[in-house]
Amino acid sequence: MAFPRHRLRRLRQSEPLRRLVRETRLAVSDLIYPMFVTVGKDRRDEIASMPGQYRLSVDLLVKEASEVKLLGIPAVILFGVPDKKDERGTGAYDPNGIVPQAVRTLKDQVPDLMVVTDVCIDEYTSHGHCGLVKDGRILNDETLDCLRAMARIHAQAGADMVAPSDMMDGRVLAIRDELDRAGFAELPIMAYAAKFASCFYAPFRDAANSFPQFGDRQSYQMDPANVREALREIRSDIQEGADIVMVKPALPYLDIIAAARSHTTVPIAAYQVSGEYSMIKAAARAGWLDESRAMMESLLAIKRAGADMILTYFAKDAARLLNR
Ligand code: PBG
């Protein structure tokens, strides 16, 4: 039966009616807020390419995390910005490194906020790659030892979940194994399973000072052209023990999120990355887009595609709107 019996506009006539037939809802409980933690005291450096986002010292991180919790956001994910880097990224698996310090303090002072940690050595290596390097090549299996140690140290500091983002093969299995042996069998892993070699990470690399010093990340991050391969990555991470799988970036990869949703039963996270955030910010500043509406529409689209949770730099702004 078609027009004139059916008129799809009938259900769009008023906001109460539109609310009744709405298929997707964004909630504050869907959001994870990424935060950058750095050394020192009383430090709050704005990230030039990410207006409204800061590198915070632990004391100010605690204040900001309390606000995040008050807004009802369930979790933050921490990225470390250390003062020293070296070839092997040793700062990444130093028990007194910046992230373990931040986790201990947060768990002590903002107890009910979930703390997730990013597990990857790129913020700590002088060459900026996510793996150990030999003769210009990224070593896979040798890097797994660094990731094991890093995840265990985060767990020992009190992290509630670890999130490996390096894209080495076998890292989820290695980390699961290490955590189980160290007494953290209950600690979940959120794997950056389908992480693409994307230009949209550029503002993050500015924030974390982690631009690769030679070459690029195409030998470990995925080719943006591939959807079947993304499903293989997701399947193998689940087999290795991932509890949550992530697709990253989010908005340019909605088809990957939708494919992941229809092929798996585990919860799916999507990362609205730095470049997605900065594009909206820049267009809004130029007066070309309404920032709040662009933010909400993009987050809703990511949810509609099939994400159960979204990592986003807009988390606080979106929560403020949703709480009104
Ligand atoms: C790697 C990591 C990156 C991001 C999250 N984890 C950077 C990269 O792969 O270059 C990017 C996040 C963003 O762009 O917001 N530790």
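Let's start with Ala92, which is found in the loop between β4 (75–81) and α3 (98–109). Keep in mind that we are looking at a predicted model. Is Ala92 buried or exposed? At 2% relative accessibility, Ala92 counts as buried, because the cut-off for that class is under 20%. And which residues does Ala92 touch, leaving aside those up to four places away in sequence? The list is Ile121, Tyr124, Met150 and His154. Take Met150 from that list: Ala92 and Met150 are 58 residues apart along the chain, and their C-alpha atoms are separated by 6.1 Å.

The largest pocket has a volume of about 220 Å³. Of the 14 residues lining that pocket, the closest to its centre are Pro82, Asp83, Lys84, Gly91 and Asp94. By class, the lining has 4 nonpolar, 5 polar and 5 charged residues.

On to the cavities. How many cavities of 30 Å³ or more does a search of the whole structure find? The search gives 2. The largest cavity has a volume of about 140 Å³. Its lining is made of 18 residues, and those nearest its centre are Asp122, Lys195, Tyr201, Phe204 and Lys248. Sorted by class, that lining has 8 nonpolar, 3 polar and 7 charged residues.

The charged end of Lys248 sits over the ring of Tyr201, at 4.5 Å from the ring centre. Lys248 also lies over the face of Tyr271, and there the distance to the ring centre is 5.0 Å.

The second largest cavity has a volume of about 50 Å³. Its lining consists of Tyr33, Pro34, Met35, Phe36, Gln53, Tyr54, Leu56 and Glu64. Which strands supply at least two residues each to this lining? Those are β1 (31–38) and β3 (54–57). The largest share, 4 residues, comes from β1. The classes here are 6 nonpolar, 1 polar and 1 charged.

Let me finish with the rings. A pair of aromatic rings is described by the distance of the centres and the angle of the planes. The structure holds 9 aromatic pairs. Take Phe196 and Tyr253: their ring centres are 4.4 Å apart and their planes meet at 20°, so this pair is stacked. Where do the two partners sit? Phe196 is in the loop between β9 (190–195) and α6 (202–208), while Tyr253 is in the loop between β10 (244–248) and α8 (254–263). The pair links distant parts of the chain, 57 residues apart. Phe196 is buried, with a relative accessible area of 0%, and Tyr253 is buried as well, at 8%.

Tyr271 lies in strand β11 (residues 268–272) and Tyr313 in the loop between β12 (309–312) and α11 (315–323), so the pair ties together parts that are 42 residues apart in sequence. Both Tyr271 and Tyr313 are buried.

Which residues do ring pairs link into a cluster? They are Phe36, Phe79, Tyr192, Phe204, Tyr271, Tyr277, Tyr313 and Phe314. Thanks, everyone!

Definitions and conventions. Residues are numbered from 1 along each chain as its sequence is written. This is a predicted model: local features need pLDDT of at least 70, side-chain atom pairs count only at pLDDT 80 or more; totals for chains, interfaces and linings use all residues. Side-chain values use heavy atoms; hydrogens and water are left out. Rings of Phe, Tyr and Trp (its six-membered ring) pair if their centres lie within 6.5 Å; planes under 30 degrees apart count as stacked, over 60 as edge-to-face and the rest as tilted. Buried means under 20% relative accessible area, exposed over 50%, partly exposed in between (1.4 Å probe, protein chains only). A charge sits over a ring if NZ of Lys or CZ of Arg is within 6 Å of the ring centre and within 35 degrees of the ring normal. On a 1 Å grid over the protein atoms alone, a cavity is a set of points where a 1.4 Å probe fits but cannot get out, and a pocket is an open set with protein on both sides within 12 Å along at least five of seven lines; lining residues have an atom within 4 Å of a point. Grid points are joined across faces, edges and corners, and a volume is the space filled by probe spheres set on the points. Ala, Val, Leu, Ile, Met, Phe, Trp, Tyr, Cys and Pro count as nonpolar, Asp, Glu, Lys and Arg as charged, and the others, Gly among them, as polar. Contact means heavy atoms within 4.5 Å.
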